[in-house]
Amino acid sequence: MTTTASRLLDLLSLLQTRRDWPGSLLAERLGVSDRTVRRDIDRLREMGYTIQATMGPEGGYRLGAGTELPPLLFDDDQTVAVAVALRTAPAAGVGIEEGAIRALATIRQVMPSRLRHRLDALEVTAITDRPGSGAPARVSTDVLVSLATTVRAREVLRLDYAARDADPDAGPTLPPRRVEPHHVVASQGRWYLLAWDLDREDWRLFSVERITPRVPTGPRFTPREVPGGDVHEFVSARFKGRDVNEWPCRGTVVLDLPAREVLPFAGGGVVRAIDENRCSLEVGSWSWASLAASFGRFEVAMEVLGPPALADAFGVLAARYATTARSGDAGTGRTDARESTS
């Protein structure tokens, strides 16, 4: 990249970080003269970027929204980040799969070879039906690419695996794990490494944000077959705490809600319209009590279609909640207040 092109990229990155930039401050940050900043602003405008001049004692510049998409300038990290996002876009389930594939192909064509190799190594299995909705985890792009490269090279990986509540600034306290890395998995904003743990002789899912890879890597290995032969099915089953991708408890209720209002919140459930105002919802969970509780989020009248174990779970929850409500009333004096006004 030429000096001018590199400076334009830096200038564009600065303009994107705040609303208004005094020209003198831009010149100071870039290490150039005010005149050079003005010339570079003109170059960006010629490329299609809408950059407005701002009034004031110092004067300055503001990056505005253009009517057309101009040529985009990305640094290496931004390029890999966009490519990673496009690879995992099909997991969003909003019908952008084809567009994401075409956009990824376009970006790959113009990538420098050093970035193309990093992108090609990053093969991701996207899973949408993981139970729970924990906060997305922040992971290092370098770690993701490093893990994916090791998967592609079929090399034994040594890694430090931090405890869940470990101080991020503390050094490793346990011996490194030795694994055969098989797949990088993305699910609901979180990243995992599926690997065969050589010391424990079993398959493990490692949270990527807790992994620190060690170098050098170990010898090459012949990949084992994932149980069942399907990575998506195997990992989905592990998310459910099972050996097979099926919930141990599954039941159906009728909800006093139109199907269109239930569908956005059904997750992996099956919604069937009964009439304009009612629908049935079939879902699964790891216990009957948790399944019954999950239906409560709709806050409407409902009828259990089956199985009987689900109806029994509603009874258990009702008794439990009633006890909890009475204990809350006793603690706040609400029972006495009601009795005194009766």
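**Note on strands, cores and cysteines**

1. Strand β1 (residues 21-22) runs antiparallel to strand β3 (residues 60-64), joined by 2 bridges. P22 sits opposite G60 in β3. Strands are DSSP E runs of at least two residues and helices are H or I runs of at least four, numbered from the N terminus. Two strands pair if DSSP finds at least two bridges between them.

2. This is a predicted model: local features need pLDDT of at least 70, side-chain atom pairs count only at pLDDT 80 or more, and totals for chains, interfaces and linings use all residues. Residues are numbered from 1 along each chain as its sequence is written, and side-chain values use heavy atoms, without hydrogens and water.

3. β3 also pairs with strand β2 (residues 50-54), antiparallel, through 5 bridges. Here A53 stands opposite Y61.

4. The largest nonpolar core has 22 residues; L147, L159, W191, L193, F206 and I211 touch the most other members. Such a core is a set of buried Ala, Val, Leu, Ile, Met, Phe, Trp, Tyr and Cys residues joined through side-chain atoms within 4.5 Å. Buried means under 20% relative accessible area (1.4 Å probe, protein chains only).

5. Two or more residues each come from α4 (76-88), α7 (141-153), β5 (157-161), β6 (177-187) and β7 (190-197). α7 gives the largest share, 6 residues.

6. Beyond its neighbours within four places in sequence, L147 contacts (heavy atoms within 4.5 Å) L157, V184, L193, V208, I211 and P213. Another core, of 17 residues, lies apart from the largest one; its members include L255, V283, L291 and F298.

7. The whole structure has 0 disulfides, a disulfide being a pair of cysteine sulfur atoms within 2.5 Å. C249 counts as buried at 7% relative accessibility. C279 is buried at 0%.

Definitions and conventions: Buried means under 20% relative accessible area, exposed over 50%, partly exposed in between (1.4 Å probe, protein chains only).
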